[in-house]
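Subject: Structure handover

Hello,

Here is the structure for you to take over. My notes on what was found follow below it.

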Amino acid sequence: MTRRILLAGLLVLFGLFIVLPLAMVAIEALGNRWFGSALLPASWTLRWFRYAAETANLEAVLLNTAYIALLATFFTLVVALPAAWALARRHVAFKAGLVALVLLPRMIPEITFALGVARIFYNFDLTNTYAGIALAHVILAAPFAVLVLIATFEGMDQRLLEAGRVCGCGPLALARRVILPLAMPGIIAAALFSFLASYNDFVLTLLVYGPDTVTLPVQTYLSIGNGYMSVAGAISVILLAPSLLFLLLLLRMVRPEALLGGMKGA
Amino acid sequence: MRRLGGGGFTALLLLPLIVFLALAFYYPLGFTLVQSLTDAKGHATLANFAHFLGRRSGWATLWLTLLLSALATAASLLLCLPLAFLLRRRFAGVGVVRFLMMVPITIPALVGALGLLILYDRTGWVNALLVRGLHLFASPIPIDYTRGGLVLFYVWMFFPYGALVIAAALGAMDPAVEEAARVCGAPPWRVLVSVILPLLRPALLAGSVMIFLQCFGAFSVPLIAGGNWQPIAVRIYTVANVFLDWHTASAMAIVMASIQCALVLTYQVLADRAARRRAARA
Amino acid sequence: MTTTGHLEIEGIAKSWGKLAALSDITLDIAAGRFVSLLGPSGCGKTTLLRLVAGSLAPDSGRLVLDGREITRLPTHRRNMGMVFQSFALFPHLSVAENVAFPLGVRGVGRAERERRAAEALAMVHLAAYAGASPRQLSGGQQQRVGLARAIVYRPTVLLLDEPLSNLDTALREEMRLEIGEVTHRLGITAIYVTHDQREALALSDEIAVMRAGRIVQVGTPTDIHRRPANAFVAGFLGYANALPLTVAGGVGRLADGTVVALPPEAPEGTAVAFMHASDVVLRAAGSDAVGLACEVTELAFMGERMEFALRHVSGLRLKAAAPIGASVFARGDRVTAELPPERLVVVPP
């Protein structure tokens, strides 16, 4: 019995350790006049969201972020799908080396290549454009997507493809009627990962954004820098939502330990 | 499998990814390397590296980065191990623990950093507890903007990488092996020391490396919660964006990427050698 | 003869939430006896073994070993030995280190440890593999290491959890003989969990047949085989034919009224008569044989014998087997299936 109480106590401590920082963000975003050593704000309000909409152009920032994330997801799938298919199911010379080259962006710190990306994108007028920022995000998303898709395609049962051919499918019909439905969970997972990687990205965006392409993370940083903690909190709450939704969705499907393959080297 | 068109088609499938990475990643990376080795007029020089590594402040930055990463890794392991054992058990709420464990590495680092900054502020809840609740200190203690604080924040943000690896290894272990040790007469501590930990060693190493690398590359947390303690990632940004010294910043980025690659390679060699040793015995 | 190792299991019950895994299990295992727990998967036999080992705690009931209650004693202080289905060898230790492990935790000195480990390995014919890693060994060899590790410290009771299930068929018999030899040589009390009635019959002094968390019959292999207590036990012992009957005045009748001659001790009322396929005697229809009129629906060549699937006029299906050449029937042939009464086992349903 004492053991159970001890265990429950430790679990509660762990829960507080994880949750409290996020609770602070929420309180900051919803609190009115939270000063000094007061534990809780004097009252609750939604005015910081309104304030963020007025001063920080929240609506435009949110649209920028979503638009860039959708573009980045699309670009990622365009480059990752064919490559993953080739790497998973066709003979590729120097396959291990090629995979390592694809994964390198996730193996070195973001800042180390963000610097060069910023300079090059500037030279090609890609900074402060949706497509440019989305492309920068693809550098982060593509290795991950390729890994997930390779695993998906490798796991596909060869006999099903053969069955498809025997049933009279040509290459296109096979892709549409057999391969695509079979690979759909993996493709959706890769797309979600890519979307989130772009939506959440801060470091690369910080170096390639411009006045017309401020994203939620950058605006959060700018608001913190300006000392508007409550505005930063309000933006953070919006920034947080997709991640938490995604996590809930993910844990319904797999145990987190099973994701290790995709996380290695991240 | 049957080939639909052979090598040419394979190359065509790989082309978009290769072209993209070459232009958007390897070209900028190469550009950074060139920048690091040239001066403003384009002449070859090692001055940029000397500018960083030839000064005490440069070494101090590196030392700070490595120290914070090492301490945070050690502290994270102390959290990861019990957590991994906990996740093996079936109890109501294990799903909640899993969810909580994944939160720090799923959400944007910046939001976590902001929350940590508020919670551990002089007027935050933690100081309120320490001073007014437990009466441990007479006045609030500084946590934000200190090295100790950074270690704590790194733990919050990066321990899940280790916990995942260790939990996976522990989950893959045959529970009968532990049962065998107990039946053989080993008390719980002995089962842990003589059986579980030796079997977990590869996972402990891998988990430590994962956490360490994440700490080494940490940017958001030290950027807003580090104050004057600037690890190398933040320093690179400052040098490039505030001092506009892109050549030195490039040299620092190359140093940082090299250290990280060296760490990864060392780990790979170590892990491979251990695996080969195990295979040689098997 | 052994004087320790008398285990009394008294009224043990264990449930997982609402699901009762074991209910009111009572079993007295005398010192030095080899007892099998036999039953289908999910019957609770492994749960019972793990309770005895101390890996699980019962909800109620007691375990008494040589007069001392051990119900709440932690596993590592019970001095039992255990052989696992998955072998459960320590992969980071060599074969000899695996066998020496229990001696190490008991504080036995190095020289003594090595001597006794070598002795135990010799007993299972693995002396040559002392320095090898468990992974280098075949499944059968690994399980012999497991056996050596379980007996090296002379435990009071040896627990064996389906030790042969992960082995190839060819190795099973060899390993079974090894287990029998070692346990008899040591005179140790052994509890053997299995779902294979042949293993249980071959090895045991006593068999406890389990079903759905209860013990349904305890007896010697001969008892269990000759006089199964009910239809479940008989079915589990591998009888191919089961004939539902009504018995009145020593005469058995099938549902359609066909009379079946029964052995003298048959119970009255509804019953099931069991018979092995090889005990059914087939004769061509029209001969003067007395038995069930059947049609051959299917036949299979099984090497040294033929197997026949039969359908009685009442719809009842039977199986028969005969040595090659003994009788030649084809699909569709009408035959008479003789059921020698002395070979019928009649039990309550």
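Chain C is divided into two parts: domain 1 covers 7-231 and domain 2 covers 239-347, with bounds that come from an automatic or database domain assignment. Their centres, taken over C-alpha atoms, are 40 Å apart. Before the rest, the conventions: this is a predicted model, in which local features need pLDDT of at least 70, side-chain atom pairs count only at pLDDT 80 or more, and totals for chains, interfaces and linings use all residues. Residues are numbered from 1 along each chain as its sequence is written, while chains are lettered from A and ligands numbered from 1 in the order in which they are written.

Chain C overall

Chain C has 8 helices and 20 strands; helices (H or I, at least four residues) and strands (E, at least two) are DSSP runs, numbered from the N terminus. The C-alpha trace of chain C spans about 80 × 45 × 40 Å along its principal axes. Of the 349 residues in chain C, 40% are buried. Here a residue is buried if 20 or more other C-beta atoms lie within 10 Å of its own, exposed if 12 or fewer, and partly exposed in between, with C-beta atoms placed from the backbone. Taking contacts in chain C between residues at least 6 apart in sequence, 66% join residues at least 24 apart; a contact means that the C-beta atoms of two residues, placed from the backbone, lie within 7 Å.

The sheet in chain C

Chain C has an open sheet of 6 strands with mixed pairing, in the order β6-β7-β8-β3-β9-β10. Two strands pair if DSSP finds at least two bridges between them. The edge strands of this sheet are β6 (80-83) and β10 of chain C, each pairing on one side only. From one strand to the next the twist averages 20 degrees; axes are lines fitted to C-alpha atoms, for helices over the stretch in contact, and angles run from 0 to 180 degrees between N-to-C directions. Helix α4 (residues 139-151) of chain C packs on the sheet and touches β6 and β7 (157-161) of chain C. The direction of α4 makes about 175 degrees with that of β6(C).

Strand β9 (residues 206-211) of chain C pairs in the parallel sense with strand β3 (residues 34-38) of chain C, over 4 bridges. C:V35 has C:E206 of β9(C) as its bridge partner. With strand β10 (residues 214-219) of chain C, β9(C) pairs in the antiparallel sense over 5 bridges. In β10(C), C:V218 is the bridge partner of C:A208, and C:Q217 is that of C:V209. The hairpin of β9(C) and β10(C) has 2 residues between the strands, and C:A212 there takes a positive phi near 50 degrees.

Chain B

Chain B comes to 12 helices and 0 strands. Its radius of gyration, taken over C-alpha atoms, is 24 Å, well over the 19 Å that the globule rule gives for 282 residues, so chain B is more spread out than a compact globule. The globule rule is 2.2 Å times the number of residues to the power 0.38. The C-alpha trace of chain B spans about 75 × 75 × 35 Å along its principal axes, and 46% of the 282 residues are buried. Of the contacts in chain B with a separation of 6 or more, 71% are between residues 24 or more positions apart.

Interfaces

The contact between chains A and B takes 63 residues from chain A and 65 residues from chain B. Helix α1 (residues 6-36) of chain B gives the largest share of the side of chain B that touches chain A, 14 residues. That side divides into 52 nonpolar, 12 polar and 1 charged. Ala, Val, Leu, Ile, Met, Phe, Trp, Tyr, Cys and Pro count as nonpolar, Asp, Glu, Lys and Arg as charged, and the others, Gly among them, as polar.

Between chains B and C, 17 residues of chain B are in contact with 23 residues of chain C. On the side of chain B that touches chain C, α8(B) gives the most, with 6 residues. The residues of that side divide into 11 nonpolar, 1 polar and 5 charged.

Positive phi in loops

A:D125 is not a glycine but has a positive phi of about 55 degrees. A:D125 lies in the loop between α5 (110-123) and α6 (130-154) of chain A, and counts as exposed because 9 C-beta neighbours are inside 10 Å. C:D66, also a residue other than glycine, has a positive phi near 50 degrees.

Regards
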